[in-house]
Amino acid sequence: MLIQEELTAAFHPGMQACASTVAQYLWLIPAMPMVASGIIALLKQPRRKPAAALAIGSLGLSLLVALAAFAHVVSDWTQHIAVRETVNFTWMQVGASHVELGWVLDPLSAVMMVMVCFVGLLIFIYSVGYMAHDENFTRFFCFLALFAGAMLGVVIANSILLLFMCWELVGLTSYLLIGFWYHKPSAAAAAKKAFVTTRVGDIFFLLGMVWLFAQTGTLLFYNSGTGSLEPLALGGMLATPSALGLTAASAIALLIFAGAVGKSGQLPLHVWLPDAMEGPTPVSALIHAATMVAAGVYLVARVYPLMSAGLAPGGTTLALSVVTWVGAATALFAALIAVAQNDIKRILAYSTVSQLGYMMAGLGLGGVAVGMFHLITHAFFKALLFMGAGSVIHGCHEEQDVRKMGGLRKEMKLTFLTYAAGMLALCGVPIFFSGFWSKDAILEAAHGWPFSQVPYAMLVFGAVLTAFYMTRQVSYVFFGEWRGHGHAHESPAVMTVPLAILAFFAMALGLIGTPAWPWFRAFLDSRVAELDMHAFAEPAWLMLLGTSTVIVVVGIGAGWLLYGNKSPAAEEPDALERALPPVWVALRDRLYADELYGVTVIAFYDWWARVADWLDRFVWGGVVAAVAWLFRGWAQVNRLIDVHGVNGGFDKGCDELAAGGGLISRVQSGRVQSYLRLLAVAVVLLAAILFWSSRG
Amino acid sequence: MNYAELFRVMLPETALEIAALVVLVVDLGFLRKAALNVRAGAAALLGVVGCAAALWVMPLQPLGGYIYPSTGEALLATGGTAAAAQIGILALTALTLLLLVDTEFTQHVGEYVAVILMAAAGGLIIAAAQDLLVIFIGLELLSLGLYILTAFAKRSGASAESALKYYLFGGMSAAFLLFGFSYLYGITGSTDLHRIMLGLYMPNAAAASPLLYMALVMIAAGLGFKVAAAPFHLWVADTYEGAPAPAAAFIASVSKVASFALLISIGAAAVHVFDGMHGKVEVITGFHLNSQPVYLGFRNVWLELLMVLAAVSMVVGNLAALAQISVRRLVAYSAVAHAGYILLGLAFFSYTPLSAAAILYYVLTYGLTTIGAFGVVAVVERATGSDRLEAFSGLHQRSPLLAAVLLVLFLSLAGIPPLVGFWAKFNLFAAVLSVSRSGAAVGLVALAVAMSAVSLFYYLQVMKRAYVLAPADETKIALPPVTLVLLAFIALSVVALGCFPDLLRSWIAAFYGGM
């Protein structure tokens, strides 16, 4: 830590006053997909090609802008300038207080936006093939583009309010896309569950945001020294005590973390993510693996200065240790459940929850760079795995049960090869796969944590389980004999080419974060990246390499031993079930988390809903009915005056005039007479009111 | 009298009048043989060019307006409220002119556009007027134009009927107004707004207090007629129902903006003089029994009058709108309700430009929204021959865009965020509460908020028919291109200004030196 501080000092802070051109136009990155989404929304259902072209084209343009921004940050970084350019503006003014929004270009946002655009673009292209037969193709791309825009908004936001708005928009699109096949009751229920569960976290996030605003008086993260994440504001928050002996900084950090827990499916709010697999597979890949669920991790990384406020070298803060423990627990918990699932996407979903736990733990233990590195590598290989799973499902005629597949390595060669790359990356096979380097960095940080070795043990055991369940899945799907019905076929090129590109990155991406050349970490921390081959010879690292190898060998070996090249029929008990029946049942039933919520939270809500319903019906309903009755009565009186007073006068006037023989002007004069009479009465009444009130 | 100076002040009005004459010459001269739609397009285009020209010459106006040299009395103002309102009037006039292009209620499009431009010139004068006589001339110029516009659908009996009603009611109100002005002149010996306000604090004015009360009541009646405040609103429903849709849109938007700009001028003159007097004399309202010197002043009497008008307008407008089955009448009564909200802002008028800015924000956005609403009503009327609620049944299926535009506009009128109508109400009520936290102010704001909730009900009544009920007639409604662009522009502006509320706020604030 100390060394890092010194190195940072060698960097010049970037010029704050005038943002570069590319930073000025950063808003285009989220705006273009959003505009595209708006246009697609107006297209009619059969306009498939323009819809897909608009979505892909807009995201492609966003990717170009993002790459330009990234290149700008990198070029400044190579000149030893720590880039943090912000563009802020007043959104609205209420009295003396301004509500400000803005965006920020720094290494963190630059890396993230390139990843989101790139992975998103590949998934968009893949979706053209995957959704080809869906009649709501245009609606799908409308939502997908809106999601991309909102997600990129989260990434570039320099204002916690803007981040929150995009965050909610992301949640909304997630809801819409999980429930995309809303005619399936399970999809509709899953969408609702996702929306409601993440809302629990969002409430805390909102509280944290309001508290942060109250403490610092600004919604901006960075604003030339007056932002809420800058030393001045952080110092103020550290000095302010709040309840339970926390500082305001810790309390706000924990509230914001609660939002991240909801979005990133951490314990105890993980229950929605596996159910979210009801959505179309590209959605699972884009939203529930690569980007949106990582938004929680990104949020923690974004507010890391707040999380780590008051951090002493070699120490930790309350917020960071909470992040660590929650992350490590989630990593282990979800990996356990993943072992005993049979739905190909559910296994990956629990694996995602588990890996998000690793990222959180990485943030808590090793800082922004460690967590973010795993986020980036994971985004690539998990998107790859989901899209591979989609390809498998597509090829097996919408079958999702791994027990009804098998032997697909022959029919689906390309899918198998890319899937294997993704699986090996996820298992963390040493040297050649990116997952190894990023997971290794987390384990290294956990090993060096001075306070407890329990998280390290949890993460290591989780890693063994990861290798185990992935081996189980791959054995079921690609090895053994074909157990399904019909004939499996390979997917079209529009689906397999993105797979191949992702597979390349799932392997190659590790190169930017090796101990010998920690480019990624140096870039995020604004330090110089130096090539130092001796790092590979350090005993600590060699020991970790050994541990990782053991983890992978044990995990994959055990998996292969139990499942390799065997073809159990769907009815046959699982190999693990025969070995450890009670454990298997508990894991298969997802460790009863849903049931626990069912008898506690949901039962309470049911009871409370009944109470509220009673109150509504008999107490408030009565009040409202009374008010409504009053108003209706009043309106009736008005109408009566209109009909009998005004119109009556009119009719009477008509009658009089008709009797008098005035045929021509009867329509007008009758009515206007009474109008003018009323005008005079009103003047007299107003005057009377004035005189009466001024008397006293 | 410095006529060159006066001419410079009156440049925008002059531009409009010249444009009116050019329109007449072109339409009656060059295009006599052309098809109606060509003539309508050309006339509307020339009218828009005239508005643009008026906008273009506005920067040439001298600072400080026109002051009568020999007495030092102000006649016309430039900058500030006047400039903001004039720009608003010109923009809204241009929009209503474009509504004409796709309608065919009249053959006399040249005359129609010319009358609109002349009436708009009257509106510009009202927005800048600082003198009773100028105010009266401006009001008459505007009103006479409006009477003619209401009657413009010559083949329609309803149009003629409503025009005559409007004219009779307006004539009577003008008489009241002039009567009130004459009393005011009698009490203070001046026609300049600022001098009148000052004069009302003089001891000799106190003796004439019953006279002052009558004067202000009559002025309130005259101006209440212009802004359609209850109980002087009786003409509104008939006029909105009978007038051709573009004319009704003009009455509902431009005329409102001009009249409220005048009320802002009056309010500003009152508070500024009151502000100046504040430190010197103790201001007491009411009669004193023991013959102490009493300084009546303008402000407290006016406050009370406006409070009554505001409360009555909000209640009567919203409740009457509930019972309507014609969408035009519904919009008319909702206009009464909106006038009530704005009058509340005028009653509690701030020393700072806060209130003026909030009222301008409200009335400009309201005008914009109403033009769009009348545009939609006009299209539906042409397709179904009726503006009854039933005519809107299934609008979503017959024309999704039209239904979406109407949804945006009506939700904005009801004050639903993030549309601009929400910010208009929010700013206005916030301004009221920042001026006064008295029981009356808080109570009236609470009433206004409650009444906004009521208004949501009748707006949604229309939307329910548009979106939920099945159409009686399945045929699609074709949107003419100009109307399509206009409606889309208005709806998008309502959304965009709502999402970025600071755009319009800071634009208006710039006229008050940034506030």
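Trainee: In which helix of chain B is B:Glu17 found?

Mentor: This is a predicted model, so keep that in mind. B:Glu17 sits in helix α2 of chain B, residues 11-30.

Trainee: How is B:Glu17 classed by its C-beta neighbours?

Mentor: Count the C-beta atoms around the residue. A residue is buried if 20 or more others lie within 10 Å, and exposed if 12 or fewer do. B:Glu17 has 18 inside 10 Å, so it counts as partly exposed.

Trainee: Which residues does B:Glu17 touch, not counting those up to four places away in sequence?

Mentor: B:Glu17 touches B:Met118 and B:Ala121. Take B:Ala121. In sequence, B:Glu17 and B:Ala121 are 104 residues apart. In space, their C-alpha atoms are 7.1 Å apart.

Trainee: Now helix pairs. At what angle do the axes of α3 and α4 of chain B cross?

Mentor: Start with the general idea. Two packed helices are described by the angle and the distance between their axes. Now the case here. Helix α3 (residues 36-57) and helix α4 (residues 80-100) of chain B have axes that cross at roughly 175°. These axes come within 9 Å. An angle over 145 degrees counts as roughly antiparallel. So α3(B) and α4(B) are roughly antiparallel to each other.

Trainee: Which residues of α3(B) and α4(B) meet?

Mentor: From α3(B), they include B:Ala40, B:Ala44, B:Gly47 and B:Val48. From α4(B), they include B:Ile87, B:Leu90, B:Thr93 and B:Ala94. Sort the contact by class. It has 12 nonpolar, 2 polar and no charged residues.

Trainee: Let's move to chain A. How many helices and strands does it have?

Mentor: Chain A has 28 helices and 4 strands. Its C-alpha atoms fill a box of roughly 115 × 65 × 50 Å along the principal axes. Of its 696 residues, 51% are buried.

Trainee: Which residues touch the most other members of the largest nonpolar core?

Mentor: That core has 225 residues, and A:Ala55, A:Val300, A:Ala383 and A:Ala506 touch the most other members. Look at A:Ala55. Beyond neighbours within four places in sequence, its contacts include A:Ala36, A:Phe124 and A:Leu144. Another core lies apart, with 219 residues, among them B:Phe105 and B:Val308.

Trainee: Last one. How many residues does each chain give to the contact between chains A and B?

Mentor: Chain A gives 27 residues and chain B gives 34. On the side of chain A, β3, α27 and α28 each give two or more. α28(A) gives the most, with 17 residues. By class, that side has 19 nonpolar, 6 polar and 2 charged residues.

Notes:
Residues are numbered from 1 along each chain as its sequence is written. Chains are lettered from A and ligands numbered from 1 in the order in which they are written. This is a predicted model: local features need pLDDT of at least 70, side-chain atom pairs count only at pLDDT 80 or more; totals for chains, interfaces and linings use all residues. Two residues are in contact if their C-beta atoms, placed from the backbone, lie within 7 Å. Ala, Val, Leu, Ile, Met, Phe, Trp, Tyr, Cys and Pro count as nonpolar, Asp, Glu, Lys and Arg as charged, and the others, Gly among them, as polar. A nonpolar core is a set of buried Ala, Val, Leu, Ile, Met, Phe, Trp, Tyr and Cys residues joined through C-beta atoms within 7 Å. Axes are lines fitted to C-alpha atoms, for helices over the stretch in contact, and angles run from 0 to 180 degrees between N-to-C directions. Angles under 35 degrees count as roughly parallel, over 145 as roughly antiparallel, 65 to 115 as roughly perpendicular and the rest as oblique.
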